[in-house]
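Work through the exercises below with the model open. Each task is followed by its solution.

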Amino acid sequence: MNVEPAQDMPVQDLPAQDLPAQGPPEQRLLMLRAPSANRVYAAASAPLALREAERVLGAHLGVPVTARVREIAGVEHLELCGRAPREAMVRVASTLSSAMALFAPVDLTGHELLEPVALADVCRHPSDLETTLRYPGKTNEQFTALLINLASAASERRAGLLDGSLALLDPMCGRGTTLSRALRLGLSPVGADVDKADHDAYRAFLTTWMRTHRLKHTSASTRLTVDGRVLGSRFDAELARDKAAQRAGEVQTLSLLRCDAGELARVLGRGRTDVIVTDLPYGVQHGSHGPDSLDRSPLAALSRVLPVWRELLRRDGAMALAINRRTAPFDQAVARLADAGFTTVSADGEFRHRVDQSIDRDVLVAVRTDHPRAAELREESERAAARPSERIAP
């Protein structure tokens, strides 16, 4: 109940206990995590989801959010607590990479019951856009969503993740897992890869998928030419869910470029990208295609392309890069980023998890050194890394 101050008594003179509460009351949500088709990733997903939730919810809501693992009837849930409007908290929580169901704890005569809370409709397209195309070495779809969320949270244009305006680039997109996730979120992504087989495979898949789902769409394949020089080829698509969405302006675009990642500044222009998200070559099953050959050293590839990516990224943008610590040790990758003018804002091992015997994966979240909140983001990451993960006993 709000306490109305007396008319002749200024608010600042009221006793502290009589002042109205500042801001919305604390909200508590319990999130049931979706199972993963990848058994190894499923085993690591709880701590990853916890760290993702605190970063993403805190950034979008503008208030501290705590996350902890809570076991109820033998089933692990993620408990999310923060002083934010319920609707806003539900909407952002619905974007989390492993969100399957939400509940609100309700105290009824001394017993806690769980009230189902509908997830917000944050995806424009069905999940088969991400899951249908299968191939060896494909990145786990939940992990891809995690990367997009982490990069968006560190960008000052993070609201674009929710309204579809976020400019996303995957400069080593392979067969398009990141692009498919971005399309599902309503974004208009750009992807690039020098490998012709990967380019052709994703182009064929997306064209068939749009036709099968009867989307209103157009597409075209052309040569990629800059200043009279042919750099490769490009595929451009425009799509809308239906005629009504098309008339309402809910139209998305996708550009798929077949060219070397080092040429992207010439193709896309400088300072137009909000987030860069990519799964770097692990140097195990595949490498990075350079201008002349296949390079199996991820660190060498980083040194070559990072200056170009810095030109592409807006000053207030952010990157999330997945690395294999066995072929790209964390501290060495951080050094490459620093040399190119980036500040790493994720801690060593913060998102570390095993993929298989040859891949020990981690995430580098980085911003330009002139990002307006670079120092603040770095400090937040260090505090989060030092804080032990909480688990509530059943």
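**Exercise 1.** Find which residues of α6 meet which residues of α7.

*Solution.* Leu179, Ser180 and Leu183 in α6 meet Tyr202, Phe205 and Leu206 in α7, where contact means heavy atoms within 4.5 Å. The model is predicted: local features need pLDDT of at least 70, side-chain atom pairs pLDDT 80 or more, while totals for chains, interfaces and linings use all residues. Numbering runs from 1 along each chain as its sequence is written, and side-chain values use heavy atoms, without hydrogens and water.

**Exercise 2.** Describe how α6 and α7 pack.

*Solution.* Take the axes, lines fitted to C-alpha atoms over the stretch in contact, with angles from 0 to 180 degrees between N-to-C directions. Helix α6 spans residues 177-184, and its axis comes within 11 Å of that of α7, crossing at roughly 30 degrees. Therefore α6 is roughly parallel to α7 (angles under 35 degrees).

**Exercise 3.** Search the whole structure for aromatic pairs and classify what turns up.

*Solution.* The search finds one pair. Tyrosine 202 and phenylalanine 205 form it, at 6.0 Å centre to centre and 40 degrees between the planes, a tilted arrangement. Ring centres must lie within 6.5 Å; planes under 30 degrees apart are stacked, over 60 edge-to-face, the rest tilted. Both residues lie in α7 (residues 196-212), three residues apart, about one turn of the helix. Tyrosine 202 and phenylalanine 205 are both buried (under 20% relative accessible area, 1.4 Å probe, protein chains only).

**Exercise 4.** Which ring face does arginine 361 lie over?

*Solution.* Arginine 361 lies over phenylalanine 143, at 3.8 Å from the ring centre. The criterion is CZ of Arg or NZ of Lys within 6 Å of the centre and within 35 degrees of the ring normal.

Key. Helices (H or I, at least four residues) and strands (E, at least two) are DSSP runs, numbered from the N terminus. Buried means under 20% relative accessible area, exposed over 50%, partly exposed in between (1.4 Å probe, protein chains only). Angles under 35 degrees count as roughly parallel, over 145 as roughly antiparallel, 65 to 115 as roughly perpendicular and the rest as oblique.
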